[in-house]
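The structure is shown first, and the description follows.

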Amino acid sequence: MAFRMAALKSESGGFDPVFGAGAKFAGEDLELAMRCLLAGWEGRYSPRVVVRHDHGRSAATYAKLEAFYDEGVGAYIEKLQNDKRCGLLTRISIAAYLARLGWRSRTSLMRVHSGRRLYASTVKR
């Protein structure tokens, strides 16, 4: 994911320190991208861009990473749903995502809800 410097310096405010490597929650890229969209910036997808990197993780350590990512998604959802700029279609998309996740993986859904609760208790509104 890449951002224009102007988007990072604009009202999006740059990366939220609650999200990212070494922070309480994963998902700094997703969270920042949504704030840029809500601030009026546009995004693009290019299938020509390919990024490969070896995480070097075993199956045992991947399970811990997956849990961290799930909680990060929950924190992201909690933050997004409390943003006044978040419209009806975004809220419907979140509800559909959670319903689909519950159908596919109850464990992941529980971790997402855990992330929502953790974020709500971490951030003062």
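## Packing of α3 with α4

In this predicted model, the residues Val73, Ile77, Leu80 and Gln81 of α3 meet Thr90, Arg91, Ile94, Tyr97 and Leu98 of α4. Sorted by class, the contact of α3 with α4 has six nonpolar, two polar and one charged residues.

The axes of α3 and helix α4, the latter spanning residues 88–104, come within 11 Å and cross at roughly 155 degrees. Because angles over 145 degrees count as roughly antiparallel, α3 is therefore roughly antiparallel to α4. The crossing of α3 and α4 is left-handed.

## Packing of α2 with α3

For α2 and helix α3 (residues 59–81), the axes come within 10 Å and cross at roughly 20 degrees, so that α2 and α3 are roughly parallel to each other. The crossing of this pair, α2 and α3, is right-handed.

On the α2 side the contact is made by Leu30, Glu31, Met34, Arg35 and Leu38, and on the α3 side by Tyr76, Lys79 and Leu80. By class, this contact of α2 with α3 has five nonpolar, no polar and three charged residues.

## The largest pocket

The largest pocket has a volume of about 760 Å³ and is lined by 18 residues, among which Met1, Ala2, Phe3, Gly43 and Arg44 lie nearest its centre. The lining of the largest pocket comprises 12 nonpolar, three polar and three charged residues.

Helix α2, which covers residues 28–38, gives the most to the lining of the largest pocket, contributing three residues.

How values were computed
Residues numbered from 1 in each chain as written. Predicted model: local features only at pLDDT ≥ 70, side-chain atom pairs only at ≥ 80, totals over all residues. Heavy atoms only, no water. 1 Å grid on protein atoms, 1.4 Å probe; cavity = no way out; pocket = protein on both sides within 12 Å on 5 of 7 lines; lining within 4 Å. Points joined across faces, edges and corners; volume = space filled by probe spheres on them. Helix = DSSP H or I, 4+ residues; strand = E, 2+ residues; numbered from the N terminus. Nonpolar A, V, L, I, M, F, W, Y, C, P; charged D, E, K, R; others polar. Axes fitted to C-alpha atoms, helices over the stretch in contact; angles between N-to-C directions. Parallel < 35°, antiparallel > 145°, perpendicular 65-115°, else oblique. Left-handed = near helix turned anticlockwise from the far one by under 90°. Contact = heavy atoms within 4.5 Å.
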